[in-house]
Amino acid sequence: MPWTTGQLKTAIENIIKDRLLIIASNREPYIHIYKEGKIEYIRPVGGAVTALDPVMKVCKGIWVAYGTGTADREVVDKSNEIKVPPENPKYTLRRIWLTKDEENGYYYGYSNKCIWPLFHMAYTRPVFNEVDWAYYKIVNQKFADTILEIVKKKEAFIWIQDYHLMLLSKLLKEKNKNLITAHFLHIPWPNPEAFRICPQKIEILEGLLANDLLGFHIRYHCGNFMETVRLELEARVDLEKTSVTYGGHETLIRAFPISVDYDQISKEAESEEVKTEMDRLRDEFSIDSKVFIMVGLDRIDYTKGIIEKIKAVDRFLEKFPEYKGKVIFIQKGGLSRIHIDKYKELNDRINSLVEEVNWKHSTEKWRPIVFVRKHMTRREIVGLYKIADACLVSPLHDGMNLVCKEFIAAKNDLNGVLILSQFTGAARELNDAIFVNPYDRESFALAIKEAIDLPRKEKERRMKNLRTVVNENNIYKWAGKFLEELKKI
Ligand code: GDG
């Protein structure tokens with residue numbers, strides 16, 4: 001039986017009891033901005049926030065994050081706090097302010113020029129810079145100070161998110177040994193050979209091993225982490241128990257495959273609003289009912305394999321020109337980390353490649369690729385999934401990938417095929433996808449052909465199985481299992 005919000009609530013009440021629950025993450029779940037002189041809020045794009053917001057609505061804790069919106073300071077109280085979701089408050093958001101230098105060094109610098117490429121191993125060289133590292137430490141300390149100020153003498157459980165805050169647990173425990181800390185890493189943990197080049201590797205490992213529980217998406221990442229520890233530190237690595245003991249403190253290492261709010265997406269997909277949205281999208285992109293629609297949805301990031309998708313569509317049309325005018329690939333790409341050169345270059349490269357492929361194959365009335373840049377609402381996204389005959393998810397490496405799970409949750413008519421990179425965490429669960437190696441343009445093109453040719457019955461059989469997997473392993477189960485593990489501490 002799938003986990004429900006009610007079940008998660010009970011689990012939380014039993015496990016957390018009257019402890020304070022604090023989530024710490026870089027990104028905030030709601031961003032307030034000025035628009036035409038008025039204050040509005042938007043939901044940021046990104047997997048961690050998408051996954052955690054429904055959990056926090058049930059948990060009623062405090063979420064500590066960095067405030068980035070132009071109107072963020074306007075709406076908080078004296079303690080920099082605001083109740084969210086703004087239209088129906090369920091939990092507290094506590095904002096932390098960073099200076100431009102801190103944001104540059106900690107976020108763009110150490111987190112995203114060093115750790116992100118180092119951990120994804122997608123052939124982008126990490127940049128190690130001492131100043132960035134210094135800011136990374138300063139910002140981790142800022143988070144620690146804020147959390148300690150909130151907790152005071154209370155009993156608390158701190159749930160840390162992702163690679164931006166890998167020193168936080170140690171900084172907290174140095175000041176307050178009674179805190180229980182757990183950390184979930186949303187990105188892969190690389191193999192020891194890749195990780196060993198990091199000049200700050202020992203500090204990072206020691207930071208993470210201050211946690212009582214350390215979670216990754218899949219067992220493969222847990223294995224990489226434990227192997228890294230074995231090679232780098234004088235620690236006891238217990239493979240049976242999957243734990244590491246370092247300096248007398250034990251950290252449990254566990255896999256928790258993250259997921260989506262299946263029920264909510266599935267329900268939304270049936271709504272009248274989404275039906276209207278589907279018509280609007282077909283209209284906007286002038287799509288004939290006989291056209292085979294492929295969609296993609298990613299932050300513009302070199303790990304997501306967007307270039308590889310466009311090249312595969314290009315190769316597909318070279319090999320099977322009879323499909324000209326009969327297929328369309330709609331890729332939504334949200335700008336991300338644009339202050340980093342590699343991201344700017346990628347964005348330019350995508351622009352020219354789309355131009356090139358469209359010019360090469362287009363006819364008077366048709367072009368194969370539509371690249372959408374504007375921010376989409378959740379409803380528009382569900383509409384996009386619903387009109388799609390296939391979803392192309394082709395990261396070069398991805399911790400999990402939520403887009404493929406959202407697509408599955410939206411496909412209540414069973415009419416859709418998932419083409420999925422074998423290098424995503426999701427590939428371990430979603431056995432009924434058509435798998436691709438995004439580095440191999442030729443077989444990727446053939447996978448598109450296979451998706452088009454799949455008989456209706458087979459499509460439905462696969463989608464049914466995929467939906468069972470995502471339904472049974474929804475976001476509430478992810479959170480519930482994570483919290484249940486705390487009982488062992
Ligand atoms: C990290 C890990 C892991 C996209 N465009 C819009 C929009 N999105 C939403 C999608 C989806 C989310 O952003 C992207 O999630 P992913 O999982 O694909 O990717 P990352 O941001 O890289 O997430 C990843 C995840 O953390 C969770 O642990 O799965 O491996 O890299 O939910 O729908 N949302 C809105 N407008 C858009 O235009 N509203």
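1. Let's start with how the chain folds back on itself. Of the contacts in the chain with a separation of 6 or more, 76% link residues 24 or more positions apart; a contact here means heavy atoms within 4.5 Å. Please keep in mind that this is a predicted model, where local features need pLDDT of at least 70 and side-chain atom pairs count only at pLDDT 80 or more, while totals for chains, interfaces and linings use all residues. Residues are numbered from 1 along each chain as its sequence is written, and side-chain values use heavy atoms, with hydrogens and water left out.

2. Next, the overall dimensions. The chain has 489 residues and a radius of gyration of 23 Å, which agrees with the value near 23 Å for a compact globule of that length. That radius is taken over C-alpha atoms, and the globule rule is 2.2 Å times the number of residues to the power 0.38. Along the principal axes, the C-alpha atoms fill a box of roughly 70 × 50 × 45 Å.

3. Now the inside and the surface. Buried residues make up 60% of the 489; buried means under 20% relative accessible area, exposed over 50%, and partly exposed in between, with a 1.4 Å probe and protein chains only. The chain exposes about 21200 Å², and carbon and sulfur atoms supply 48% of that area, as computed by the Shrake-Rupley method with a 1.4 Å probe, where for residues only the protein chains shown count as cover.

4. A word on charge. There are 76 positive and 70 negative side chains, and the centres of the two sets lie 2 Å apart. Lys and Arg count as positive and Asp and Glu as negative, without His and the chain ends; each charge is placed at NZ of Lys, CZ of Arg, CG of Asp or CD of Glu.

5. If you are finding your way around, begin with the domains. Domain 1 covers 5–258 + 475–488 and domain 2 covers 264–471, with bounds that come from an automatic or database domain assignment. Their C-alpha centres lie 30 Å apart, and 27 residues of domain 1 are in contact with 23 residues of domain 2.

6. The secondary structure comes to 18 helices and 18 strands. These are DSSP runs numbered from the N terminus: helices are H or I of at least four residues, and strands are E of at least two. Helix α6 (residues 168–175) has the buried residues L168, S169, L171, L172 and K173. They pack against several elements, among them β1 (20–24), α5 (130–151) and β12 (249–255).

7. Helix α9 (residues 219–232) holds F225, which counts as buried at 0% relative accessibility. Beyond its neighbours within four places in sequence, F225 is in contact with W189, L205, L208, L209, L214, F216 and I253. The C-alpha atoms of F225 and N191 are separated by 7.5 Å, although the two are 34 residues apart along the chain.

8. Do look at the stretch around β5 (81–84). Most residues other than glycine have a negative phi, and most peptide bonds are trans. N80, in the loop between α3 (72–75) and β5, has a positive phi of about 65° without being a glycine, and is partly exposed at 24% relative accessibility. A cis peptide bond with omega about -10° joins V84 and P85, and P85 lies in the loop between β5 and β6.

9. P86 is also in the loop between β5 and β6 (91–96). What does P86 touch, leaving aside neighbours within four places in sequence? The partners are Y30, H32 and Y41. P86 and Y41 are 45 residues apart in sequence and 8.2 Å apart in space, C-alpha to C-alpha. P86 counts as partly exposed at 30% relative accessibility.

10. Finally, a region of domain 2. K304, in the loop between β13 (292–299) and α12 (306–319), is buried with a relative accessible area of 11%. Not counting residues up to four places away, K304 touches residues including D298, K309, D398 and N401. N401 itself sits in the loop between β16 (390–393) and α15, has a positive phi of about 95° although it is not a glycine, and is buried at 6% relative accessibility. In helix α15 (residues 403–410), 8 of the 8 residues are buried, so the helix is largely enclosed by the rest of the structure.
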